[in-house]
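Here's a quick briefing to read alongside the model. Have the sequence and the 3D view open as you go.

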Amino acid sequence: MNRWWVGGVVVLAFIALAAAGCSSKKKGSELEGAGAQGAGLSDESLSGGSLALAKSGRLGAADTGPLHDIHFDYDSFELDETARQTLQENAQWLKDNPNVRVEVEGHCDDRGTVEYNLALGAKRAAAAKNYLIALGISRDRITTISYGEELPICQEETEECWARNRRDHFVPAGS
Amino acid sequence: MRALPATFLTCWTIALATQAAAQVRSTIIGPGVKRYPIALSPLKDGAAGGASDPFTRTLGRDLELSGLFRIIPSDTYLENAQTSGVTAEDIDFANWSVIGALALVKGVAERHGDELSIEARLFDVAQHRQLTGKRFRGRADDEPRMANRFADEIIQYFTGERGPFDSQIAFLSTRGGRFKDVYVMTANSDDVRRITNENTLNLSPSWTADGRGLVVTSYRLGNPDLFSIALPRGAWSKLSSLRGLNLGGRWSPDGRRLAVTVEYDGNPEIALLNPDGSLLRRLTDHWAVDVSPSWSPDSQQLAFCSDRSGSPQIYVMAADGSGVRRVSTAGTYNTSPSWAPKGDRIAYASRIGGHFQIFTVKTDGSDARQVTNGPGSNEDPSWSPDGRYLVFSSTRRGAPKLYLTDVAGTNQVELTEGKGSDTSPAWSGWLE
């Protein structure tokens, strides 16, 4: 694939992400009230993350980011061959964009209990973080967060849908 | 006398049942035994005058939920509650035996402004005799709570053990918004109050050791941090905000520590916090998932969930992290342990054929018993303060709602209804 073309898409995606981040943040401050005061929402990655998307009702829309989701088997945090390949592409993008940090979100399908799935989501996010570090990405560019089964992108009770929800999602954050 | 403070509700025993009588009764009243027919005469109440009063209505709801009693319908009652007698000498028991009542409750209410006193008595219809009686004093608002306490007293008389209804249940619901928020209701599902309204994820509510507040994991600052919420006003204070999960803060029953799940290098482990939220010590050290600690009633041990054997299973360890042993033996996915207040059993959710069912097991791993059955998933068991009932969430009729069951599973009743999902129930201790 043409390197310049990819770069162009990335820049466009970034402009889109930044714009989305701004608007959702404004909305957020109106909705959240006192609870969010001094909340440390200065972290830009949060405004483009799944929780911010869920707050504005946009979670589940097509993923247009430069970094791609990886998927897991049921009750597993093991990285399969496809996940490793995607992580290598994500690592390459991070090497090409050295000023960008990334938040890795761990997610689960809803066929488990809430607390166990929060723990499993943490393991899934950590698995990707450790692999990215092994591929040469600096540890301090990567943060992780688990959302357990709380933020599904697909609502049906089907294997296809569960498989989409069992994911690590990667949210880039500007320098 | 001046008005009483809101939470001040006093109670005197009018007459005591003998322990021997209670033991005899417990053999004829219990789960799986035919419900005991009881009549609940409306309060003799100068102010209310005949209509169904909150005390009698609440008492009926509690006794019905207990699974131990059958309430004889009030439209069959022969007496005028406002003019008939309220003591054993003055009651015409024939009026009650003829409609099939074996037990009878009668009471008198006195109201002076915001002050309320209720005198309630339980009678044996065949023997024409008072079994127990209580006098309650408080505010008008306390009327349902007086009924909850008298229901617990009636259950105590018949079974030898106090009933569970003078208590509350915290839970999560999406009834009011996009995300799960914390709600609190009475154990009989009345008086539902919304506690959080943050437009973010709030998870795993539990009660503080003194029952005056909640502990909840919330993403309100972005990270899943642990907070205390003081009741009734709902003021938040941060307990723990370590990087990553700060999950499932469970106060030890002695109020000295909190058990939590936190991450060490992305690995969820059980740890203890001091009451101020500072880290006291790490308890587990394993590459697998360790999560969902639940205290034994003596604060000496913890049950938890771990997938160290390759699948999620229930384990028990000492409160210093030593002596880890597996408790669940059957099934490939066992989570959400909840240690019974009597200490003898642990409830948990077990995945069978694609759905979860509630089980209990002795703490040594023997005698596992299935509590729920049938369609849908049944999850998140939490014990009543008397250890005879469990509240849990179930998808048996669609969206998850809360259900009450006795430990044997013979009497399962829907507690919540309406829109949204109701999950993660946490039953408090007794209110006082």
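The expected span of a helix is 1.5 Å times one less than its number of residues, and helices (H or I, at least four residues) and strands (E, at least two) are DSSP runs numbered from the N terminus. This is a predicted model, where local features need pLDDT of at least 70, side-chain atom pairs count only at pLDDT 80 or more, and totals for chains, interfaces and linings use all residues. Residues are numbered from 1 along each chain as its sequence is written, with chains lettered from A and ligands numbered from 1 in the order in which they are written.

**Helix α5 of chain A**
- The 21 residues of α5(A) (residues 114–134) should span 30 Å at 1.5 Å a residue, and the end C-alpha atoms are 30 Å apart, which agrees.
- Of those 21 residues, 18 are buried, so α5(A) is largely enclosed by the rest of the structure. (Buried takes 20 or more other C-beta atoms within 10 Å of a residue's own, with C-beta atoms placed from the backbone.)
- After the helix comes G136(A), with a positive phi near 105°.

**Chain B overall**
- Four helices and 31 strands make up the secondary structure of chain B.
- The C-alpha trace of chain B spans about 75 × 45 × 40 Å along its principal axes.
- Buried residues account for 52% of the 432 residues in chain B.

**The largest nonpolar core**
- A nonpolar core is a set of buried Ala, Val, Leu, Ile, Met, Phe, Trp, Tyr and Cys residues joined through C-beta atoms within 7 Å.
- The largest one has 141 residues, and I38(B), A303(B), I346(B) and L390(B) touch the most other members.
- α5(A) gives the most to this core, with 12 residues.
- At least three residues come from each of domain 1 (10–159) and domain 2 (168–427) of chain B, with domain bounds taken from an automatic or database domain assignment.

**Domains of chain B**
- The C-alpha centres of domain 1 and domain 2 of chain B lie 35 Å apart.
- Their contact (C-beta atoms, placed from the backbone, within 7 Å) takes nine residues from domain 1 of chain B and nine residues from domain 2 of chain B.
- On the domain 1 side, α2(B) gives the most, with four residues.

**Where the chains meet**
- 32 residues of chain B are in contact with 27 residues of chain A.
- Strands supplying at least two residues each on the chain B side include β11 (202–207) and β27 (378–383) of chain B.

How values were computed: Two residues are in contact if their C-beta atoms, placed from the backbone, lie within 7 Å. A residue is buried if 20 or more other C-beta atoms lie within 10 Å of its own, exposed if 12 or fewer, and partly exposed in between; C-beta atoms are placed from the backbone.
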